[in-house]
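Student: Could we go through this structure together, one piece at a time? I'd like to begin with the sheets.

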Amino acid sequence: MALDNAAIARVLGQIGDLLEIKGENVFKIRAYRNAADVVSHAAEAVADMDAAGLRAWSGIGKDLAARIVEIAATGDCEVRRELLTHFPVTLLEVMSLQGVGPKTVARLYHELGIASTADLEAAARAGRIRGLKGLGARKEALILQSLQERLQHGHRHLVSHAARAVATLVDWLREAFPDLTVDAVGSFRRGAETCGDVDLLAASAGHACSSGSPAIRRWAYRTGRHEASVLLAGGVQADLRVVHPSERGAALQYFTGSKAHNIVLRDRALERGWRLNEYGLFRAADNERLGGETEEDIYRQLDLDWIPPELRENRGEIDAALERRLPHLVDAGDLRGDLHMHTTETDGRDTLEAMAAAAAGRGLEYIAVTDHSQALAMANGLDEARALAHAARIRALNGRYPGLTLLAGIECDILSDGRMDLTDDCLAALDLVVASVHSNLAQEEADMTRRIIRAIEHPSVDIIGHPTNRRLLRRGPSAMHIEKIIDAAAANGVALEINANPERLDLSDSHARLARERGVPLVISSDAHATAELDLPRWGILVARRAWATRADILNTLPLAELRQRLKRGR
């Protein structure tokens, strides 16, 4: 089966890392890393493209295009195989750890003989890593933390990764069996930020599970005619269950709700002398069926309003459904604009004009173009002169795209002491400022808290971007006192971002709910670095819904005039 873009990009990235460990030419290293970046963010399926099509992309020459085609077809390439004759393959696992870059891996390998994660853990626990110049005890502790996080994460997947794999299987099932009704359930349906196995439910009067889908890499096991577990392309395991249409509602409810949510529902049924399970709602005395064809029927019989899947965590939704006060949750169609994106002026992959045209094509009413500030040198960040010149170019485009207004903004780095990366006059001259942390992520809690609060108190800061700095399945959030930061944002009229990049989803649902409850305005932003990524807010919407957010809680659901008034600078 052809590899997906993420898998191809992973191989290209490994080649770049191995080249660096070997000490190869920096331009060759950069070429493979750029190719990995381009492939991972491509909207098209790279495996379906030929070398000529790939060469049309920026930075992809004849040799790289050939390598990509080879990887897509075989899962490997000659260049990678040759590099691995110099190093043990287990070194790749060491390089995949958060905070252990190629330079560090090279030193660990050449100076300590560390060639696997087992070697790394043994050396760290023995205190050998701190003896290397420039590493020290703190780096050693961070390596142990990364190893522990890898163990805890296990085989979990980003929700976007799981969604792509599941969509392929679901599409095939619906095409192969037109009368099937197929639903994803479990934590995936509840909108959880990561998932392990994905649960699928198919309602049919007569079909058994089938192994004929091209989405299925292998059958992990089969448990009977109406149940199966399969491994999908991309490493996602899906558990499939086929139920009769008359049981679909009960099964949807049973397999979607969290354990705690379902226990409360079963208790409500027991109080009435009923029995609730995945087959339906029954009267215990005579086993008469009371409901089960629809979810709404199950909840109605229990005197509850239907509860949106994202809320089924036993976090107050049962009482709210009983008292008819469930919120009308924000939906993707409620968003009018996007307040965080990048262009080729810094580290984006599409031009200002391309991003604007793509936003207009998606029906957005406004966007804020927020390229990086100068401290992020690796992203070609803007100094004051470039920031103001870029702002002028952004504003000059207004009127070119009917229905779309462009705001001249910036994503300004919050320096280690909380100062902003650009002068006050420069920031005040822009339409919007997103302030974010990109460096020194391992500060002590008190220092990081003060750092972010100082930025919140700056008169020109409107939004704090990806507030906790986490990268899902790669690194945890920075140490900070989140409640103090939320309270400071409320006091200063600063919005907190739900960054919709599936690798971030930051704020988390729990932090977003706390912020909303304390009166902090939220924004859902794509942080797009390419036109295709303007579709990412769908994942931020899930976070907001799990946070019980309504349209009124999200600033970029407002018309532009009202948005300007609600931003800190407008107040």
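Tutor: Let us start with a term: two strands are said to pair if DSSP finds at least two bridges between them. Please keep in mind throughout that this is a predicted model.

Student: Which sheet do they belong to?

Tutor: They belong to an open sheet of seven strands with parallel pairing, in the order β11-β12-β13-β14-β15-β16-β17. At its edges are β11, residues 337-338, and β17, residues 522-525, each of which pairs on one side only.

Student: What about β13, which strands is it joined to?

Tutor: Strand β12, residues 366-369, is joined to β13 by four bridges and runs parallel to it, with Val369 standing opposite Ala408 of β13. Strand β14, residues 432-436, is joined to β13 by five bridges, again in parallel, and here Ile410 stands opposite Val433 of β14.

Student: Why is β13 described as largely enclosed?

Tutor: Strand β13 covers residues 405-413, and eight of its nine residues are buried, so the strand is largely enclosed by the rest of the structure.

Student: Which helices pack on this sheet?

Tutor: Helix α17, residues 384-396, lies across β12 and β13 and runs at about 160° to β13. Helix α22 also packs on the sheet, where it touches β11, β16 and β17, and its direction makes about 150° with that of β17.

Student: Switching topic: what is the order of the strands in the three-stranded sheet?

Tutor: That open sheet has the order β8-β9-β10, and its pairing is antiparallel. Strands β8 (274-277) and β10 (289-291) each have a single partner strand, so one side of each is left without a neighbour in the sheet. From one strand to the next, the twist averages 30°.

Student: And how many bridges join β8 to β9?

Tutor: Four bridges join β8 to β9, which covers residues 280-283, and the two strands run antiparallel. As one example of facing residues, Arg275 stands opposite Phe282 in β9. Helix α13, residues 259-271, packs on this sheet by touching β8 and β9, and its direction makes about 155° with that of β8.

Student: Which element gives the largest share, and what kinds of residues are in the lining?

Tutor: The largest share of the lining comes from α10, with six residues. By type, the lining of this pocket divides into 13 nonpolar residues, one polar residue and seven charged residues.

Student: I noticed Asp303 and Asp527. What is the phi of each?

Tutor: Asp303 has a positive phi of about 65° although it is not a glycine, and Asp527, also a residue other than glycine, has a positive phi near 55°. Asp303 sits in the loop between α14 and α15, whereas Asp527 is found in the loop between β17 and α22.

Student: Is Asp527 buried or exposed?

Tutor: Asp527 counts as buried, because its relative accessibility is 6% and the cut-off for buried is under 20%. Asp303, on the other hand, is partly exposed, with a relative accessible area of 39%.

Student: Where is the cis peptide bond?

Tutor: The peptide bond from Asp506 to Leu507 is cis, with omega near 20°. Leu507 has its place in the loop between β16 and α21.

Student: Last one: what is Glu353 in contact with?

Tutor: Glu353, which has its place in helix α16 (residues 352-361), is in contact with Leu397, Arg400 and Tyr401, once its neighbours within four places in sequence are left aside. At 35% relative accessibility, Glu353 counts as partly exposed.

How values were computed
Residues numbered from 1 in each chain as written. Predicted model: local features only at pLDDT ≥ 70, side-chain atom pairs only at ≥ 80, totals over all residues. Heavy atoms only, no water. Axes fitted to C-alpha atoms, helices over the stretch in contact; angles between N-to-C directions. Contact = heavy atoms within 4.5 Å. Nonpolar A, V, L, I, M, F, W, Y, C, P; charged D, E, K, R; others polar. Buried < 20%, exposed > 50% of the residue type's maximum accessible area, 1.4 Å probe, protein only.
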